[in-house]
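Hi,

Here is the structure I promised to pass on.

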Amino acid sequence: MEAVTVVGAGVIGLSWARLFGEAGWEVRISDPRPDLADVVDRELAGVPVTLAVDLASAADGTDFVQESGPERIEIKEQMFATLAAHTRDDVVLASSSSSLLPSDIAAGNPADHRIVIGHPFNPPELMPLVEVVPGPATSASTVDRAVEVYRKLDKLPIRLKKEIPGFVGNRLQKVFNEQATYLVQQGVIDVTDLDDLVRASLGLRWATVGPFQSGALGGGPAGFRHLTEHVASQMTFEIGRPDPSRMGEVFEAVEEAYGLGQSAYEKLAALRDGRTRAVLEPLGWPPPPSADDQET
Ligand SMILES: NC(=O)c1ccc[n+]([C@@H]2O[C@H](COP(=O)([O-])OP(=O)(O)OC[C@H]3O[C@@H](n4cnc5c(N)ncnc54)[C@H](O)[C@@H]3O)[C@@H](O)[C@H]2O)c1
C-alpha cells in the first residue's frame, strides 16, 4: 500500500486525507494543532490514518506529499525544507497553495526539482480539478508523477505550461469575485440574489460548457468571432473595483445571509456537497479512464 503524507489538517488537508484514504492509500497527517486527535476522530472516522505532530516523522518513508498548511511563504519554505530532508529522491512534494509561485516555495531548496503545485478546488474530495503548476526547476518526471497520482484519485489534473501567481482558476475567480463585491457595495444587488443569479446562469452554463465553448455558441453558427464583434463590442463600460475600506458591510451581509460558526458551516457544506454529488456523474465526472491508465 502506498503512503501519502498530508501536511495540515485544516479545511483542505482533511478533505485530501479522506480522498487518499478512500482510494486505498495509507494516510499520515501532520499538524501542530493541539486538537489534532479530536479533529481526526471526528472528520476522518474509518480512514486508515496515522497522526504526527512532527513533520519529519510523517515524511519518513512516504511515497507522496500533499502539503496543505498555511498560505504563508515563510511557513511553506520551512515545511518544504523539512520535507526535502526526510523524503526519498523520487518522492513528489506537492503544495495545495492557492496562489504562491512554486519557484518561491522551492527557492534554495535542494529538492526544487521535486516541488510542484497541485492546487485543488475546495473540497478536493469532490471537485474534479487539480491545477498542476511546475516552477522552472520542477522536473518533467515530477509533473508526470503528480498527474498520474491525481488521475488515479479520479481527479482531472490540468498542467499549466508555466507558473503565474494565482495560476488560472484563482485569477479568474479573483476578477469575478471582485466584481460581485463591487456590485453589492454599489447597492445594485444583494448577496443572496447575486448568488441565485450566478447559479441560474453562469454557474450552470460553465458546469456544462467552458467560457470559450459558450462563446462559440453565443455567436450562433458564425461563432465566437461574431459574438465578440457584435454583442461583446458594445460592452465598453468600465467595470469598477470594490472599495477595500467598505469590506465590513459586505462581510456583514454575507454573515447575515448564511450565518457563521461551526453549525452554519456544517449545514452549508452539506448543502454544497449534496448538490455537487448530484451533478458530478451526469456531467461526466469522474472522466472515463484514459488509454494511459488502462495500460498500467
Ligand atoms: N480553503 C480553500 O478554499 C483552499 C482551496 C484550495 C487550496 N487551498 C490552499 O490549501 C492550503 C490550506 O488551506 P486551508 O484553507 O485548509 O487552511 P486552514 O487554515 O484551514 O488549515 C491550515 C492548517 O495548517 C496547520 N499548520 C500550521 N502550521 C503547520 C505546520 N508547520 N505543519 C503542518 N501544518 C501546519 C494549521 O494548524 C491548520 O490546521 C493553503 O495553502 C491554501 O492556499 C485552500
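**The second largest pocket**

The lining of the second largest pocket is made of ten charged, seven nonpolar and four polar residues. (Asp, Glu, Lys and Arg count as charged, Ala, Val, Leu, Ile, Met, Phe, Trp, Tyr, Cys and Pro as nonpolar, and the others, Gly among them, as polar.) A pocket here is an open set of points on a 1 Å grid over the protein atoms alone, where a 1.4 Å probe fits, with protein on both sides within 12 Å along at least five of seven lines; lining residues have an atom within 4 Å of a point.

Before you go on: this is a predicted model, where local features need pLDDT of at least 70 and side-chain atom pairs count only at pLDDT 80 or more, while totals for chains, interfaces and linings use all residues. Residues are numbered from 1 along each chain as its sequence is written, and side-chain values use heavy atoms, with hydrogens and water left out.

Back to the pocket: its space comes to about 430 Å³, and V11, L14, R18, E43 and Y265 are the closest to its centre among the 21 lining residues. Which helix gives the most to this lining? That is α12, with seven residues. (Helices are DSSP runs of H or I, at least four residues.)

**The ligand**

The ligand has 22 residues around it, the closest being I12, D31, E71, K76 and S98; to count, a residue needs a heavy atom within 4 Å. D31 has a polar side-chain atom 2.7 Å from a ligand oxygen. For K76, a side-chain N or O atom is 2.7 Å from an oxygen of the ligand, and S98 places a polar side-chain atom 2.7 Å from a ligand oxygen.

Cheers

Key:
Points joined across faces, edges and corners; volume = space filled by probe spheres on them. Helix = DSSP H or I, 4+ residues; strand = E, 2+ residues; numbered from the N terminus. Polar contact = N/O pair within 3.5 Å; in protein donor to acceptor, adjacent residues only side chain to side chain.
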